[in-house]
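Dear colleague,

Please find the structure below, with its sequence. A summary of the findings follows.

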Amino acid sequence: SADEIHQLGMEEMQRVQEEMRAIFDQLGYPQDEGFDALFKRVAQESGSYQGKAILKAYEDAINFAEGNLDDAFDMRPQAELLVKAQPSPGAAYYSAASLDGTRPGVFFASASGSEPKFRVPTLAYHEGIPGHHFQISIQREMDLPLFRNVLTVLAYAEGWALYAERLAGELGWYQDDPYGNLGRLQYEAWRAARLVVDTGLHSKKWSFDQTVDFLVKNTGLDRRSMEYETARYISWPGQALSYYTGMLKLLEIRQRSQEKLGDSFDLKAFHHLVLSSGSVPLEILERLVL
């Protein structure tokens with residue numbers, strides 16, 4: 001129900017906030033400051049990339065991911081991933097490779113202005129590897145009926161991309177990068193907060209300003225971006241739920257598989273089965289794995 005999703009979002013958001021607070025404490029940041037002020041400190045102290053250096057930073061993050069997949073994956077897509085400047089201002093996004101292999105996948109990112117360094121790795125992992133490019137390219141290269149090569153089930157696709165962000169943390173990719181780990185957690189808190197605000201808007205009659213205020217307070221993301229996001233949630237009910245609910249289901253299926261198989265559980269085999277199935281409803285994915 002909407003009430004259950006709303007409460008789940010609150011609980012998950014608070015859990016992530018506790019993880020963020022622990023890192024802020026390690027960095028010696030004030031315990032009485034809000035997330036907005038704390039992340040402004042993070043952005044200032046970790047630095048930023050300017051202009052075309054932003055594209056190079058994303059390329060470096062993607063290359064790092066490609067070189068550190070062996071502990072979790074035994075398959076790779078054939079399609080190449082390029083990083084290019086966005087043709088027009090806006091949020092970064094991924095464009096899938098063509099089915100016939102003649103056009104590579106492209107991660108379009110801003111090449112103007114500045115980009116906080118602490119957010120770069122997580123966005124690269126979400127849009128690129130092992131996120132959208134990895135999953136979508138493997139799906140398109142599998143021997144499946146055509147509609148399954150191109151089908152997008154949002155809870156699966158966005159759930160996988162958010163799972164990829166979490167997996168990067170589990171694999172130790174942020175071990176020596178507390179600022180980058182805070183970037184990962186900030187995005188995870190934001191996705192959890194979406195469960196709260198989407199149901200708030202469409203079930204609990206939250207106002208536009210109430211939603212924006214809640215997001216800024218609980219994630220530390222800037223107000224202008226959260227105004228844009230709130231407009232998106234209003235115009236596309238339920239879409240914002242797909243990220244976190246999809247990730248939670250993937251984690252649940254993985255945990256149940258571990259409990260079922262015990263010492264025989266293999267993370268690479270789990271990911272192989274999940275990815276080779278293509279984008280499917282989560283109920284179907286659960287049947288395929290378990």
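In what follows, helices (H or I, at least four residues) and strands (E, at least two) are DSSP runs, numbered from the N terminus. This is a predicted model, in which local features need pLDDT of at least 70 and side-chain atom pairs count only at pLDDT 80 or more, whereas totals for chains, interfaces and linings use all residues. Residues are numbered from 1 along each chain as its sequence is written, and side-chain values use heavy atoms, with hydrogens and water left out.

Second largest pocket

A pocket is an open set of points on a 1 Å grid over the protein atoms alone, where a 1.4 Å probe fits, with protein on both sides within 12 Å along at least five of seven lines; its lining residues have an atom within 4 Å of a point. The second largest pocket is lined by 15 residues, and I62, N63, E66, L81 and I129 lie nearest its centre. Two or more lining residues come from each of α3 (52–66), β2 (81–85) and α5 (132–141). The most, 4 residues, are given by α3.

The expected span of a helix is 1.5 Å times one less than its number of residues. Helix α1 (residues 2–26) has 25 residues and should therefore span 36 Å, which agrees with the 37 Å between its end C-alpha atoms. Buried means under 20% relative accessible area, exposed over 50%, and partly exposed in between (1.4 Å probe, protein chains only). Among the buried residues of α1 are H6, G9, M13 and F24. Their cover includes α2 (35–46), α8, α9 (208–219) and α11 (241–261), where contact means heavy atoms within 4.5 Å. After α1 comes G28, with a positive phi near 80°.

For helix α7 (residues 154–170), 17 residues should span 24 Å, and the end C-alpha atoms are 23 Å apart, which agrees. Of these 17 residues, 14 are buried, so α7 is mostly covered. G172, which follows α7, also has a positive phi, near 85°.

Y93 lies in strand β3 (residues 93–95). The C-alpha atoms of Y93 and E127 are separated by 6.7 Å, although the two are 34 residues apart along the chain.

With kind regards
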